There are 2 protein chains.
Amino acid sequence: MVTESFRPPVRTLMGPGPSDVHPRMLEAMARPTIGHLDPCFVGMMDELKGLLQYAFRTENRLTIPVSAPGSAGMESAFVNLVEPGDTVIVCRNGVFGSRMKENVERCGGTAVMVEFDWGRAVRPEQVEEALAAHPEATALAFVMAETSTGAWSPARELCELARRYDCLTIVDAVTALGGIPLEVDAWGIDAIYAGTQKCLSAPPGLSPVSFSDRAVARVQSRRHPVQSWFLDLNLVMGYWGGSGGAGSKRAYHHTAPVNGLYGLHEALVMLREEGLENAWARHWRMHAALRAGLEAMGLEFVVPEDERLPQLNAVRAPEGVDEAAVRAELLDRFNLEIGAGLGDFAGKVWRIGLMGHSARAENVMLCLGALEAVLAARDAPIANGAATAAAGAALAG
Amino acid sequence: MVTESFRPPVRTLMGPGPSDVHPRMLEAMARPTIGHLDPCFVGMMDELKGLLQYAFRTENRLTIPVSAPGSAGMESAFVNLVEPGDTVIVCRNGVFGSRMKENVERCGGTAVMVEFDWGRAVRPEQVEEALAAHPEATALAFVMAETSTGAWSPARELCELARRYDCLTIVDAVTALGGIPLEVDAWGIDAIYAGTQKCLSAPPGLSPVSFSDRAVARVQSRRHPVQSWFLDLNLVMGYWGGSGGAGSKRAYHHTAPVNGLYGLHEALVMLREEGLENAWARHWRMHAALRAGLEAMGLEFVVPEDERLPQLNAVRAPEGVDEAAVRAELLDRFNLEIGAGLGDFAGKVWRIGLMGHSARAENVMLCLGALEAVLAARDAPIANGAATAAAGAALAG
């Protein structure tokens with residue numbers, strides 16, 4: 001039986017999330033816990049809504065953090081917007097499209113799958129064919145930033161299409177929010193969910209979501225009750241005051257994760273200090289530097305350049321290299337975490353994250369230097385000695 | 001738009017939860033975030049399972065914290081164990097029995113309600129009548145520690161009954177775990193869920209649960225898929241290694257709330273240091289002191305003495321006193337939070353929590369002294385000047 005405190009090692013987190021958490025955020029998490037109905041806390045909840053509206057670029061009143069991880073955020077979108085018998089067009093170009101299918105089916109709906117190769121973006125032309133072939137569809141669901149492959153799908157075009165075919169949109173932005181341009185209102189997104197442990201660099205455990213008035217109207221006019229009590233937005237709105245303005249009366253629903261929300265609040269204040277566009281630009285700059293270094297090493301990206309996310313870099317492990325052993329050595333010798341491949345890419349691909357506080361020049365250099373050293377010692381077929389200089393030049397340029 | 005960090009006031013938390021969080025736990029929450037698949041983190045997950053088995057007094061392999069608050073823990077029990085068409089006997093003696101009913105119905109089941117007065121315990125005789133009248137019932141659900149009233153129901157007797165009628169038991173222990181005797185294995189409990197922010201004094205956001213092998217077999221032999229993907233124990237078990245031993249292979253499901261789990265781990269290490277029986281005794285001792293003081297003031301308890309929880313003390317506000325104004329003044333002048341009444345008790349009752357780190361002599365004294373001062377200043381009909389001495393005598397005795 002364990003009787004000792006857990007003292008985690010200090011890692012550099014460059015996997016698919018969680019990303020490095022800034023000390024300011026960790027310090028915020030450790031502030032004294034107060035009651036979730038304390039007027040001070042309710043005031044902070046109102047601030048959080050405003051800060052999330054800023055990050056999502058929306059005026060949606062129902063913009064809140066769900067009190068559970070991103071996969072619960074996903075579920076909150078589906079259980080509220082899908083009813084038994086509904087048809088939903090689901091785009092699949094990685095792991096999370098499959099999860100969307102599971103969600104639709106567990107809601108009693110039918111998922112019409114539009115399939116794309118792993119590592120490629122969703123293509124609007126194919127989606128339009130599906131929309132045209134399924135006029136009964138009530139929603140279109142897709143992953144804007146596929147964490148399993150690093151593919152970036154054209155959210156604006158897809159939302160325009162959905163609107164034209166009178167479908168609501170459900171957008172997975174778990175890895176997108178804070179890292180790449182995202183415009184909930186301008187693009188007409190109806191339901192969106194994100195994660196805190198990716199480009200916001202807050203600890204995992206919460207899922208920022210936003211729902212348009214059109215989506216809220218759909219929830220309020222459902223024929224069947226929402227199958228989840230915990231995620232029923234009719235109740236969650238009462239708790240967060242989602243349907244009224246700031247300071248509107250709260251109805252007890254569940255107990256909010258008080259200290260987790262302190263952390264998210266601090267993360268969003270820091271995003272606001274930096275400026276959203278500056279954060280997007282930083283992610284792009286760090287990606288360019290990392291890419292220069294990886295390419296100098298001779299490593300190949302999985303995703304074509306024009307469909308590639310800056311914050312999630314999937315590269316193929318060189319021929320003959322035991323990719324898991326390389327990751328273990330990076331962790332062991334350099335306290336550096338990079339991600340493994342998922343699904344079709346397991347055992348073949350590394351996923352290198354540059355998210356939030358991890359998107360920094362020092363992380364780029366550490367990653368390139370350590371990876372090159374480990375690969376060179378294993379006689380992997382890479383070009384040696386040029387990676388960090390290439391990245392340095394990209395950073396200076 | 002807010003651009004400042006949130007600096008919470010320092011409160012003393014004596015409401016229905018969250019309770020005071022020990023500085024050691026806050027410090028643990030602020031330790032560096034590491035990856036949720038990091039071998040060090042996986043090792044901590046195994047430790048957590050062992051610590052929770054200790055707290056629940058069980059050897060159930062499926063003993064884990066659900067990555068969401070207590071209401072999601074409740075939902076995890078119902079969505080996994082109830083299928084469409086099932087009948088569940090639900091005892092209602094407060095708010096949380098109604099929530100159980102909602103859960104059963106949203107799973108497509110029928111809830112047979114056994115009703116009790118608010119503020120009273122569940123009585124086995126009445127439950128037995130319902131079990132005998134409904135041989136089709138597959139489960140009995142009840143709240144062991146009703147947070148809305150402070151009533152303590154006889155879990156051991158109710159579980160024996162359920163077993164006799166071949167029903168699984170679903171037990172709400174949100175406010176019970178760590179505060180009063182609870183024996184999952186010895187009492188034959190099949191599914192139990194708890195909160196972290198009550199007698200464990202960790203921040204809110206997680207729900208420790210435990211499922212017996214009999215319950216796991218029921219989940220594994222379901223005719224319908226579990227309606228929640230996020231709470232599907234078949235998947236959650238793969239992530240936590242619930243079906244194998246320590247160190248068994250993990251399958252990615254969601255991203256665990258890393259820092260929240262650091263806090264829970266620390267809370268459980270502290271519980272282990274104190275000893276579970278000692279924690280139960282401490283809750284009882286502090287209750288005896290608080291009760292002596294409240295009775296000396298002339299305040300009346302809602303729940304009869306032999307059905308009363310030590311950790312949740314519901315007392316009637318004196319005639320003519322604006323109870324909300326008193327609570328606001330306690331918060332404002334003394335940074336002391338006590339709870340309001342819920343449901344039938346709204347506006348009439350205070351709920352004074354003595355949970356976890358809040359169950360301390362200094363909290364008892366602060367609460368009695370401050371409450372007496374505020375009530376006296378309002379000319380409330382109470383006996384003045386005897387409360388703290390009575391509590392002091394109880395503590396010394």
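Predicted model: local features only at pLDDT ≥ 70, side-chain atom pairs only at ≥ 80, totals over all residues.
Me: Why is the length of H2(B) said to agree with a helix at 1.5 Å a residue?
Reply: The expected span is 1.5 Å times one less than the number of residues. H2(B), residues 39-56, has 18 residues, so it should span 26 Å, and its end C-alpha atoms are 26 Å apart, which agrees.

Me: What makes a residue of H2(B) count as buried, and which ones do?
Reply: The cut-off is 20 or more other C-beta atoms within 10 Å of its own. In H2(B) the buried residues include B:Phe41, B:Met44, B:Leu48 and B:Lys49.

Me: And how does the span of H4(B) compare with the one expected?
Reply: H4(B), residues 95-106, has twelve residues and reaches 17 Å from first C-alpha to last, close to the expected 16 Å. Just after H4(B) sits B:Gly108, with a positive phi of about 85 degrees.

Me: Which residues of H4(B) are buried, and what covers them?
Reply: Among them are B:Phe96, B:Met100 and B:Val104. The cover includes helix H3 (70-81) and strands E3 (87-92) and E4 (110-115) of chain B.

Me: Over in chain A, how many residues of domain 1 are in contact with domain 2?
Reply: 25 residues of domain 1 of chain A are in contact with 22 of domain 2 of chain A. By class, the domain 1 side has 13 nonpolar, ten polar and two charged residues.

Definitions and conventions
Residues numbered from 1 in each chain as written. Chains lettered and ligands numbered in written order. Helix = DSSP H or I, 4+ residues; strand = E, 2+ residues; numbered from the N terminus. Buried ≥ 20, exposed ≤ 12 C-beta atoms within 10 Å, placed from the backbone. Contact = placed C-beta atoms within 7 Å. Nonpolar A, V, L, I, M, F, W, Y, C, P; charged D, E, K, R; others polar.
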